[in-house]
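Please open the structure in the viewer and keep the sequence beside it.

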Amino acid sequence: MESNEKSRLTCQKYNNYSCKTHQLHKKSISRVLWLAFVVTMPCLAPGMSFGYSGIVLDQLRLSVDEQSWFASLPSIMMPIGCLFSGPLIDKLGRKTALMVTTIPSCLGWLLLAQQPVSLCVLYIGQLLVGMSVGLSTTPATVYSAECITVNFTGLRGSFTIMTSIMLNFGMFLTYLLGSLVPAYIVAYTASFVSFAALIFIRALIPESPPWLFEQGRHGDAEFSQNVLRITQPILQTSRVKSLEEIPVRQSKILDRLFEPDVYKPMVIMTIFLFFQQFSGSFVLTSYMIQLLRSFNVTINNYLITLLAGFTNLSAMMILSILLTKSGFKQLSFVSCTGYSLSMISLAIFLYLGIDNELITNIVVITCILLNMAMNGLGLRPIPYAMLGEVFPTDVAGVAGSIVACLSSIFNFIAIKMYPYMRIWLGPGVFMIYGILAFFTIIFVLKIVPDTRGKTIKQIGDDFLRTDSSTETI
């Protein structure tokens with residue numbers, strides 16, 4: 001009897017402990033979700049610029065040339081914002097870089113909201129908003145990888161992808177508000193969102209502990225680590241020793257860029273983003289209304305655009321859930337496969353030239369929605385999310401901003417070239433997009449590293465180990 005009673009008490013204690021552990025884990029995940037939301041808030045207003053030209057051009061009296069400049073000016077400034085982002089992240093800190101992002105965004109949207117307004121003011125507003133997009137691409141992913149998901153390496157992908165989710169939610173929000181209120185109200189809303197993000201970042205999150213540690217502010221780093229409840233060491237011992245033994249190298253960022261744990265991921269991510277941009281990942285969202293009209297789709301084009309934006313956003317939210325069980329590499333394969341099939345199928349249908357309204361509506365809309373779903377499931381968000389975790393902490397800002405800058409240049413070229421490629425190649429342009437997406441599948445399988453469940457240091461060590469093996473051979 002005594003033995004049974006002891007067993008019962010032991011089981012009861014174990015069950016109580018398990019219940020408390022589960023509750024603590026649940027609270028920790030909720031807290032991490034809240035922090036991830038706060039950190040990615042500065043991305044929301046810049047993301048609204050992705051769809052703004054689509055809703056405002058009908059309300060402005062501009063020539064064709066003026067319209068093209070208005071739509072493309074943000075893309076011109078994005079690379080400059082990316083280049084500024086690196087020094088801001090590494091010299092002023094991750095938190096400061098996040099706050100700086102909101103300043104040009106808030107000012108730019110205020111200029112765009114003015115009624116009536118001169119063309120020059122509109123152009124300046126677009127330039128400022130475009131710069132905010134470039135500034136927003138890297139800081140949130142770097143902060144998330146270093147501070148928010150460090151205790152949950154298996155969930156890191158789910159949270160770093162929130163930057164892309166917030167950007168695309170901004171685009172969807174623009175489409176939604178644009179169908180309900182005038183464009184200048186949308187601009188005022190975006191400006192308010194930028195200001196709110198500045199307040200939230202300033203008040204609710206501390207500076208990154210790894211960055212503080214590298215600045216020699218060990219006390220502040222430990223305090224920030226306690227606030228964020230990071231249980232792992234801020235930096236591994238080997239890295240600390242290397243910083244103490246070779247302090248000169250810390251100032252020679254250029255030398256670091258040529259070390260294998262930096263240049264290898266830079267090359268890989270640049271090629272990955274090259275394939276992403278030139279396979280048309282951003283082309284459909286930029287020319288959606290014009291595309292639907294050229295395909296002779298008779299259903300309300302703005303309704304389909306809203307549905308496409310919702311599909312893309314939903315796919316990204318599903319991706320954040322799937323990343324708890326699968327890694328970037330596996331989901332990129334699935335995404336690129338579906339994306340390639342949607343583009344090739346669309347090209348073949350257009351080549352056939354079937355003149356039937358019902359069939360055209362069904363096939364074209366299905367291909368577009370499949371494309372947006374597969375795009376959101378990996379090809380669009382994953383490369384940007386990986387920028388926050390494949391680079392060592394000491395050069396994460398500079399390396400990530402260089403790659404993001406190149407991606408923005410690819411983006412500008414791809415979007416600018418589409419109208420001409422459509423004239424020269426007809427449906428062949430979509431076949432090219434599909435083929436490039438197929439090459440992306442091969443690149444993902446053969447080259448892109450599998451980062452699931454690894455710390456940032458372990459990922460860097462893998463690149464160093466590969467380089468050492470090559471030298472030995």
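Select Tyr188 to begin: with 38% relative accessibility, Tyr188 counts as partly exposed, where buried means under 20% relative accessible area, exposed over 50%, and partly exposed in between (1.4 Å probe, protein chains only). This is a predicted model, in which local features need pLDDT of at least 70 and side-chain atom pairs count only at pLDDT 80 or more, while totals for chains, interfaces and linings use all residues. Residues are numbered from 1 along each chain as its sequence is written, and side-chain values use heavy atoms, with hydrogens and water left out.

Tyr184 is partly exposed, at a relative accessible area of 32%. Both tyrosines belong to helix α9 (residues 183-204), and because they are four residues apart there, about one helical turn separates them. Helices (H or I, at least four residues) and strands (E, at least two) are DSSP runs, numbered from the N terminus.

**Aromatic pairs**

How many aromatic pairs does the structure hold? There are 15 aromatic pairs in the structure. Tyr184 and Tyr188 form an edge-to-face pair, 6.5 Å centre to centre with 80 degrees between the planes. Rings of Phe, Tyr and Trp (its six-membered ring) pair if their centres lie within 6.5 Å; planes under 30 degrees apart count as stacked, over 60 as edge-to-face and the rest as tilted.

Next, select Phe430 and Tyr433, which lie three residues apart in helix α23 (residues 428-446), about one turn of the helix. Both of these residues are buried. Their aromatic pair is edge-to-face, at 6.3 Å centre to centre and 75 degrees between the planes.

Then select Phe272, Phe274, Phe275, Phe278, Phe410 and Phe443: ring pairs link these residues into a cluster.

**A nonpolar surface patch**

Turn to the surface and select Leu406, Ile409, Ile413, Met417, Tyr420, Ile423, Trp424, Leu425 and Ile432. Together they form a nonpolar patch with about 840 Å² of accessible area. Accessible areas come from the Shrake-Rupley method with a 1.4 Å probe; for residues, only the protein chains shown count as cover.

Which helix gives the most to the nonpolar patch? Helix α22 (residues 396-425) does, with eight residues. Ile409 lies in this helix and is partly exposed, with a relative accessible area of 34%.

**Two buried side chains**

Select Thr40 in helix α1 (residues 2-40). Thr40 is buried, at 1% relative accessible area. A polar atom of its side chain lies 3.2 Å from the backbone oxygen of Phe37. Leaving aside residues up to four places away in sequence, Thr40 touches Ala140, Met162, Thr163 and Met166, where contact means heavy atoms within 4.5 Å.

Move on to Ser49 in helix α2 (residues 44-56). Ser49 counts as buried, at 10% relative accessibility. The backbone oxygen of Pro46 lies 2.5 Å from a polar atom of the Ser49 side chain. Residues up to four places away in sequence aside, Ser49 touches Trp109, Val129 and Val133.

Although 205 residues apart in sequence, Glu259 and Leu464 are 8.6 Å apart in space, C-alpha to C-alpha. Is Glu259 buried or exposed? Glu259 counts as buried, at 18% relative accessibility.

**A loop residue**

Select Asn296, in the loop between α17 (288-294) and α18 (301-322). Most residues other than glycine have a negative phi. Asn296 is not a glycine, yet it has a positive phi of about 65 degrees. Asn296 is exposed, with a relative accessible area of 57%.

**The whole chain**

Buried residues make up 55% of its 473 residues. The chain exposes about 21400 Å², of which carbon and sulfur atoms supply 67%. Among contacts between residues at least 6 apart in sequence, 83% join residues at least 24 apart.

How values were computed. A polar contact is a pair of N or O atoms within 3.5 Å; within protein, one must be able to donate a hydrogen and the other to accept it, and residues adjacent in sequence count only if both atoms are side-chain atoms. Patches are made of residues with over 30% relative accessible area and no salt bridge: like charges are joined within 9 Å, nonpolar side chains (Val, Leu, Ile, Met, Phe, Trp, Tyr) within 5 Å. A salt bridge is a side-chain nitrogen of Lys or Arg within 4 Å of a carboxyl oxygen of Asp or Glu.
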